[in-house]
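Hello,

Here is the structure I said I would pass on. My notes on it follow below.

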Amino acid sequence: MEKQNGMTFGLAIECLKKGKKVTRNGWNGKGMFLWLKPAATIKSDWCKDPLLKRICDDNGGEAEALGTICIKTADGKILTGWLASQTDMLSEDWIIVE
């Protein structure tokens with residue numbers, strides 16, 4: 001993987017907006033990275049979550065979903081709606097993961 005070094009959190013966010021994956025040199029977990037899941041229209045037919053399907057059905061068969069930052073965790077799981085810690089926001093060790 002090709003990496004660029006030494007970005008601030010603000011620059012990392014700009015990279016996410018351009019479709020890049022980012023990580024921190026300071027994270028202990030191997031293989032962890034963030035990406036931006038863009039806003040989208042969710043169709044009722046796609047839903048496996050019964051509550052989400054009902055929300056879409058009650059809204060004429062679809063619902064608008066806002067964009068969110070996701071993380072691939074060290075144990076290979078996906079978390080939608082990642083929130084940065086103050087340490088993450090103030091760190092300058094963000095890198096692009098290609």
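Leaving aside residues up to four places away in sequence, Ser91 touches Met7, Thr8, Phe9 and Arg24. The model is a predicted one, so please read the distances below as computed from it. Ser91 sits in the loop that runs between α3 (86-90) and β8 (94-97). Its relative accessibility is 11%, so Ser91 counts as buried, the limit being under 20%. One of the neighbours listed above, Arg24, also makes a polar contact with Ser91, side chain to side chain, at 3.0 Å.

Arg24 belongs to strand β2 (residues 21-24) and Asp88 to helix α3, so the pair ties together parts that lie 64 residues apart in sequence. Both ends are buried: Arg24 has a relative accessible area of 11%, and Asp88 has one of 7%.

- Lys53 and Asp57 meet through their side chains at 3.8 Å, N to O. They are four residues apart in helix α2 (residues 50-58), so about one helical turn separates them. Lys53 is partly exposed at 33% relative accessible area, and Asp57 is partly exposed at 41%.
- Lys77 forms a salt bridge with Asp75, with the closest N and O atoms 3.4 Å apart. Here Lys77 is exposed, at 54% relative accessible area, and Asp75 is exposed at 55%.

Now the nonpolar part. The largest nonpolar core has 14 residues, and those with the most contacts inside it are Met7, Val22, Trp27, Leu34, Ile71, Trp82 and Trp94. Two or more residues come from each of α1 (9-17), β6 (68-72) and β8. The largest share, four residues, is from α1.

Which residues does Ile71 touch, not counting those up to four places away in sequence? They are Trp27, Met32, Phe33, Leu34, Trp35, Lys77, Ile78, Leu79 and Trp82. Among them, Trp27, Leu34 and Trp82 are also listed with the most contacts inside the core, and Lys77 is the residue paired with Asp75 above. Met7, one of the residues that Ser91 touches, is on that core list too.

Regards

Methods: Residues numbered from 1 in each chain as written. Predicted model: local features only at pLDDT ≥ 70, side-chain atom pairs only at ≥ 80, totals over all residues. Heavy atoms only, no water. Buried < 20%, exposed > 50% of the residue type's maximum accessible area, 1.4 Å probe, protein only. Polar contact = N/O pair within 3.5 Å; in protein donor to acceptor, adjacent residues only side chain to side chain. Contact = heavy atoms within 4.5 Å. Core = buried A, V, L, I, M, F, W, Y, C linked by side-chain atoms within 4.5 Å. Salt bridge = Lys/Arg side-chain N within 4 Å of Asp/Glu carboxyl O.
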